[in-house]
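Subject: Structure handover

Hi,

Here is the structure for you to look over. My notes follow below it.

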Amino acid sequence: MTTSKLNQLNHAHFEHKLWRNELELVAQEATFFLKTLDEYKTKTISQSRDSLMVAEFVKQFHHFQRLTKRLLEELSVIEKEVAQGVKEENILDGEQRKDRAYLNEEMKYFESDYRETKFSFRKFIATYEPAPSLN
């Protein structure tokens, strides 16, 4: 195996590891955020606007859970293809490069969308004021 191919393989492995770690973290965060939202749903929400926001965040975090699962599956397929390529000494051929480029674009969109949603969620939580207690 040439040094160039070995460097490409190392880079791909490192990138895949980063993607996997990021996706697993998002899955954990989404679960935590959904539990937090569930607590908000059980409390009296002061305005219907707030309840609509909670419902929208629940929908978005469920979406990210599904998307995370799909991206992890795609990443596993790509990793298997690369491993098979190593066995056959056909490392990162044209198809594998296209698959990785596609997943790279998907990850960029995913990261951007998730970052925006997370920012909006944190802003909502920080400014949330529960309804006054009737006790």
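This is a predicted model: local features need pLDDT of at least 70, side-chain atom pairs count only at pLDDT 80 or more; totals for chains, interfaces and linings use all residues.

Residues are numbered from 1 along each chain as its sequence is written, and side-chain values use heavy atoms, with hydrogens and water left out.

**Aromatic pairs**

The structure holds 10 aromatic pairs. Rings of Phe, Tyr and Trp (its six-membered ring) pair if their centres lie within 6.5 Å; planes under 30 degrees apart count as stacked, over 60 as edge-to-face, the rest as tilted. Phe33 and Phe121 form a tilted pair, because their planes stand at 50°, with ring centres 4.8 Å apart. This pair links distant parts of the chain: Phe33 is in helix H1 and Phe121 in helix H3 (residues 94-127), 88 residues apart. Helices here are DSSP runs (H or I, at least four residues), numbered from the N terminus. Phe33 is buried too, at 8% relative accessible area.

Phe64 and Tyr114 make an edge-to-face pair, 5.1 Å centre to centre with 80° between the planes. That pair also links distant parts of the chain: Phe64 sits in helix H2 (residues 48-87) and Tyr114 in helix H3, 50 residues apart. Both residues, Phe64 and Tyr114, are buried.

Ring pairs also join Phe32, Phe33, Phe57, Phe61, Phe121 and Phe124 into a cluster.

**Val26**

Val26 belongs to helix H1 (residues 3-42). Val26 counts as buried because its relative accessibility is 3%. Beyond residues up to four places away in sequence, Val26 touches Thr68, Phe110 and Tyr114; contact means heavy atoms within 4.5 Å. Val26 and Phe61 are 35 residues apart in sequence, and their C-alpha atoms are 9.5 Å apart.

**Helix H3 and Gln96**

The 34 residues of H3 should span 50 Å at 1.5 Å a residue, and the end C-alpha atoms are 50 Å apart, which agrees. The expected span is 1.5 Å times one less than the number of residues. The buried residues of H3 include Arg100, Leu103, Met107, Phe110 and Lys118.

Gln96 is buried, at 8% relative accessible area. Its side chain reaches the backbone oxygen of Glu81 at 2.9 Å. Leaving aside neighbours within four places in sequence, Gln96 is in contact with Glu81, Val82, Gly85, Asn90 and Ile91.

Best wishes

Technical notes. Helices (H or I, at least four residues) and strands (E, at least two) are DSSP runs, numbered from the N terminus. Buried means under 20% relative accessible area, exposed over 50%, partly exposed in between (1.4 Å probe, protein chains only). A polar contact is a pair of N or O atoms within 3.5 Å; within protein, one must be able to donate a hydrogen and the other to accept it, and residues adjacent in sequence count only if both atoms are side-chain atoms.
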